[in-house]
Amino acid sequence: MSEYDARGKRNRALLVCVHDYETLTGLPAVEDNAEELARALTGTDLFTADEVTLCRPREPWEVGQALKTAADEARGLLLVHFSGHGRVGSDGGNLQLMVGTSVPQQSHTTVSWQDMVLSCLDNARAERIVIVLECCYSGNADGAFHSLGKPMSLLMAAQPNRRIFSGEEPAGGTFFTRAMVQILERGIPGKRFVTFEDLVRALRERLADTQTPMGDVWQPRSAKQNTVDDVILSFATPEVRLPTPPRIRLRRWFNQHIRRRLKLLLALCTVLALAAAGLTALHALRPLPACPPALELRLLTAPEAEPALRQAAFDYEMSDLNTRPLHGESDLPGGCRRTQITVYSAAKDQVDQGFAAADRWQGEAKGTGQGTPDSKGTDPLYRPGPQPDLWIPESTADYEEARRGMPAHGSPATLHNTGPVAYSPLVVGIPANKRLDDVEQVDVSWQDLLTGTDSAHRDLKLLRPSPVLSGTGLLHTIGLYLAGDGSHIGSSGTPDPTLAEGAEQRLSAPGSQYAGSTELLCSLRPGADQGNPARPGTGQGARSAPLVSEKSLADFNLGHAIGSCPALDSALAPGDRYAAYYPKNVPALDHPLIRVDWRGAADAAPRQAAVDRLADWLRDPAGGRRTLTEQGYRGVPGKDGEAPAPAPGSPLRSSRAGVNPDAPVTPFRAGADQVARVLEGYDKAQRSSRLLILMDTSTSMAEGGKLPVALGAAGRTLEMVGAHHTYGLWTFPDRAHPDDPAAVRRVVPLGSADPARGKAALDRIAKGGTDELVDHGAAMEEALTAAVREMKKSAGSNQAIVLILDEDDGGPRRAAGVERALTALLKEKPAVPVLTLVMGRAGCDTTLQGLAGASHGQCVPGGPQAPDLLAGLVASIGTAGKEDR
């Protein structure tokens, strides 16, 4: 990764530290933060003293004014640090930074992270922006952060929904700032300087065994937007420090001593020139008009493709095509962005629901839609989000499935498929130390792959993303059903039901699918079974064979960020990687660009023209194709019809990626009816199944914005209840039996088939708030024991429990042997996997991981991806696959 060196440029550091409050608890330790940080920043050859500004605001406008000044003056690096109180809404959003006169619940007295801080920084002229938030709930800041267009790096003192320091530490600043200052001043062994990523890693290591004054695990978080390089924050090093290059010293001397005098001289010359030239000179020197607001395009895509398309959107916005005047548009000043692009993502089923309810989608956007979801619970504006101008799904199969769900007449949305913008072949990942005997890696039939991985050979579990939620999973299913013997897929034909059922029998289930290939691979990363909340799953990679895309498998092997797993320092060890096997004639993900036209749109023509320009740029070898291939995609064929090979700089060319960049790309040629028949075959291969949702409704769930996340995850689980499912919804503890830790409230009896009952119950809890919660501890192990015993009364094996909890409160009064008895019960037949979503501060601790392992289930930590991740696991409960080995 390249490093950004800002030495000698016009840099600015704004240190906002608030220690004295009128209505909130004072934070005396914060008082020293500003001076400590200023000393660290100016002592290592990056910032000069006049480039660092200290701000101790009493009123919100003081922060706004200081931000604007710093944003206007910085040309190189702009660093903004805030330490003080922070507050969020009940849903965990709307982060507010508190200044001296701030009053909780009065937003006009606070500094809005999104509306004031980010909007101001998004207009800065600095080349790089680094933000450090040291406040309670700082981990909730990255949602709005990802909607910006500037290259920014964000360091958050803790994970979401966490309070951090008490502000009463000894003199010398807060605990977090002291750690940061020490790293910036002393450097890191083996490093010539300290970059943003170095600082994040070093802070995590220092705080790994530390708890906040409230007992939370201390885990700083970071996020980057629109930048692939790393910003240098300090040139301190424990080794012999390299001298400052002469060009840097000269540039700094020029900025400090000559630039101001030149400005004065230039101003004097300008006045004389204006006086001499008169009106002609005035006209010639008139400043350029301000840039008009850019046309916003909303780009909807799949979660797996969102990071790459965000980078492509940023490159397009800054490209010459988007910033130069066009013929007929000469009124747009040169250098102004014509179009800005907002990129967001949603699971495949949510996108299908959105287009199926396009009238509600458009109606809610205009304010003319109904105020509540329809009878199916569809709320497009909430999920998948605002109505898009263009949609880039994972494959044409997703597009055909969305069209099939739309009404034949009357929909306000019209979808136009303009063709692929990038390819990624589908692969089967085989552990590097278990390569298949006598099986070629390229153009191998699915029959040979199934034989080579069965119990008589490598005995590998085949794991597939959910075809319901993932385009990758859907296309892999099409390949399994229609190209099982390696034959070409035409535009007609019906999958053999026997072949479909046989293929499904080889896929591990239940609880083995995920909402996408990135989360599936994240669960298989080495160490994922150690309870790391950033790495959910079982980590049983050595005996698993994931059905994923070539790009995601290369990212996994190279140690890139994947799903909710952060990037590693280097590629995985050779023994932990997968080798890519390419099934013959299975179509690749083709990522078609779909233009979405909305009936009645007043600016339809300019939007269509803007989409067409972006589409052309994405396929241009010198434009978007280069950006996407650098991310690990294959390019689309050029005018000669030849599919371009990955460029030398592509990650697919790395010997550690485990893929074959010369493997052929098979275009998608299946027909729309054929996709429908494949899904019908998938549905017919399912078994009837039972699902029991067991939810913690103790009062602690209302703290820190956890309850909306829990209710959202339970609602997402109910969306997975289909024709083959029955379910029940139980809550614990039971208010009617406060002295019985094993008592549960059977809100919806087990065996119900109508999801509407469960959704109504969840709505009551949401609207009732704390009135619906129980004010005594939730004994998880006792309640789970009651649930497991009830489920094991059935002889069926296709069933599971979804456990949603804050934390287990039963420990102090628990009878001896409960955990041991529960573990033994889980191991008895029939199997009942426990799929756990935990939002407590301990995360997926040893106990919960042990229960998940004993039941062949999974443990998912709370977070933005948790509802979809849990939905992917639930979607496999009805599959025909064998149980987890």
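**Exercise 1. Helices H2 and H3**

Determine how helix H2 and helix H3 are oriented to each other in this predicted model.

*Solution.* Step 1: helix H2 spans residues 60-73 and helix H3 spans residues 113-121. Their axes lie 9 Å apart, at an angle of about 10°. Step 2: angles under 35 degrees count as roughly parallel. H2 and H3 are therefore roughly parallel to each other. Step 3: on the H2 side, Pro60, Gly64, Leu67, Lys68 and Ala71 take part, and they meet Met116, Val117, Cys120 and Leu121 of H3. By class, this contact of H2 with H3 has seven nonpolar, one polar and one charged residues.

**Exercise 2. Helices H5 and H6**

Describe the packing of helix H5 (residues 175-186) with helix H6 (residues 196-207).

*Solution.* Step 1: the two helices pack at an angle of about 125°, and their axes are 10 Å apart. This angle makes H5 oblique to H6. Step 2: the crossing in which H5 passes H6 is right-handed. Step 3: H5 contributes Phe175, Phe176, Ala179, Met180, Gln182 and Ile183 to the contact, while H6 contributes Leu199, Ala202, Leu203, Arg206 and Leu207. By class, the contact of H5 with H6 has nine nonpolar, one polar and one charged residues.

**Exercise 3. The surroundings of Arg12**

Decide whether Arg12 is buried or exposed, and identify its contacts.

*Solution.* Step 1: Arg12 is located in strand S2, residues 12-17. Step 2: the relative accessibility of Arg12 is 16%, and buried means under 20%; Arg12 therefore counts as buried. Step 3: the side chains of Arg12 and Glu73 are joined by a polar contact of 2.8 Å. Step 4: apart from neighbours within four places in sequence, Arg12 is in contact with Phe47, Glu51, Ala70, Glu73, Ala74, Leu77, Leu78 and Leu79.

Note on methods
Residues are numbered from 1 along each chain as its sequence is written. This is a predicted model: local features need pLDDT of at least 70, side-chain atom pairs count only at pLDDT 80 or more; totals for chains, interfaces and linings use all residues. Side-chain values use heavy atoms; hydrogens and water are left out. Axes are lines fitted to C-alpha atoms, for helices over the stretch in contact, and angles run from 0 to 180 degrees between N-to-C directions. Helices (H or I, at least four residues) and strands (E, at least two) are DSSP runs, numbered from the N terminus. Angles under 35 degrees count as roughly parallel, over 145 as roughly antiparallel, 65 to 115 as roughly perpendicular and the rest as oblique. A crossing is left-handed if the near helix is turned anticlockwise from the far one by less than a right angle, and right-handed if clockwise. Contact means heavy atoms within 4.5 Å. Ala, Val, Leu, Ile, Met, Phe, Trp, Tyr, Cys and Pro count as nonpolar, Asp, Glu, Lys and Arg as charged, and the others, Gly among them, as polar. Buried means under 20% relative accessible area, exposed over 50%, partly exposed in between (1.4 Å probe, protein chains only). A polar contact is a pair of N or O atoms within 3.5 Å; within protein, one must be able to donate a hydrogen and the other to accept it, and residues adjacent in sequence count only if both atoms are side-chain atoms.
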